[in-house]
Amino acid sequence: KYARIHLRMKSIEKIRSNLVKADRSPRTQQYVFHSFSTIWSSAYEHGLTAKMCPTKASSFRLPKVNNARLRFLTNEEEIIILPILRHKSLKAYQMSVISLYTGLRWREVARLKGICVDLHSHKIIVMNSKNTIDRIVPMPEIVMNTFESMAPFEPDQLLFPNATHKVASEPIWPIRQAFRESGLNEGIVDRKMIASFHTFRHTFASRLVQRGVDLYRVQKLMGHSTIKMTERYAKLVDTNLEDAIKVLNSP
């Protein structure tokens, strides 16, 4: 029995070794073995095997993945990208502004309905979010103006539907094209530093932290399930440490 288990693990390690030699990313390795585990579990449920999936063994480890994007927009970059978006598509511009000034994810903006926008209390009700955590996000003036320009709208009306009047599954092409034409990604190869629609959300959180908003409130505004997700922005506070020390040199 030990020999059979050892043989199965040896085969799994060989697959992983081949993935590493082929320069496949840690995320790709996770996808491969997740699919492997799913297929094996299905075989087990249908009585095709009575053996434990090798990837469930305590000795099996996959590399950790850190795909957290680090890029956020400067004020100068915002001035570059927003006019391009407005020129290409009013819808693309509106969705981008909402994300940039409220921190909503693409999916959250795309799913917004008229009933989610309260123009009287200046708040957006975000429902069915990524972490299934409903939240209320206050609207700054620029977002209020955006929705007011779109009003009136029906309670059950999708505010940003796709061509088939359904929820758009990914950023629309004018947004992707605008980032290509803006030059903001010129010469950048690290995926974590490439600007995309998600950069608007990251910029929102980064600006809050840099302006002294505590991480607890940032967590609630962003809809993070744990404070650990929000703590990635804490490093931005460290950039101001030199300024803090300079105070000691003041007369």
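## Strand β2: two faces

Side chains alternate along β2 in this predicted model. Buried means under 20% relative accessible area, exposed means over 50%, and partly exposed lies in between (1.4 Å probe, protein chains only). I125 counts as partly exposed because its relative accessibility is 33%. Strands are DSSP runs of E with at least two residues, helices are runs of H or I with at least four, and both are numbered from the N terminus.

This is a predicted model, in which local features need pLDDT of at least 70, side-chain atom pairs count only at pLDDT 80 or more, and totals for chains, interfaces and linings use all residues. Residues are numbered from 1 along each chain as its sequence is written, and side-chain values use heavy atoms, leaving out hydrogens and water.

## The sheet

Three strands form an open sheet in the order β1-β2-β3, with antiparallel pairing. Two strands pair if DSSP finds at least two bridges between them. The edge strands, β1 (117-118) and β3 (135-138), each pair on one side only.

Two bridges link β1 and β2. D118 has K123 of β2 as its bridge partner. Four bridges join β2 to β3. Here I124 partners V137, and I125 partners I136.

Accessible areas come from the Shrake-Rupley method with a 1.4 Å probe; for residues, only the protein chains shown count as cover.

## Backbone details

β1 and β2 form a hairpin with four residues between them. H122 sits in that turn and has a positive phi of about 60 degrees. H122 is partly exposed, because its relative accessibility is 39%.

The loop between α6 and α7 holds H165 and P152. H165 has a positive phi of about 65 degrees, although it is not a glycine. At 65% relative accessible area, H165 is exposed. The peptide bond from A151 to P152 is cis, with omega near 0 degrees.

## Nonpolar cores

The largest nonpolar core has 45 residues. A nonpolar core is a set of buried Ala, Val, Leu, Ile, Met, Phe, Trp, Tyr and Cys residues joined through side-chain atoms within 4.5 Å. I81, L85 and F147 have the most contacts inside this largest core. Elements that give two or more residues to it include α3 (75-88), β2 (123-126), α6 (141-150) and α8 (197-210). Another core lies apart from it, with six residues, among them M9, I12, L19 and A57.

Which residues does F147 touch? Leaving out residues up to four places away in sequence, F147 touches I98, L112, V117, L119, I124, M139, F153 and L159. Contact means heavy atoms within 4.5 Å.

## The whole chain

The protein chain has twelve helices and three strands. Of its 251 residues, 35% count as buried. Among contacts between residues at least 6 apart in sequence, 62% join residues at least 24 apart. The chain exposes about 15,700 Å², and carbon and sulfur atoms supply 57% of that area.
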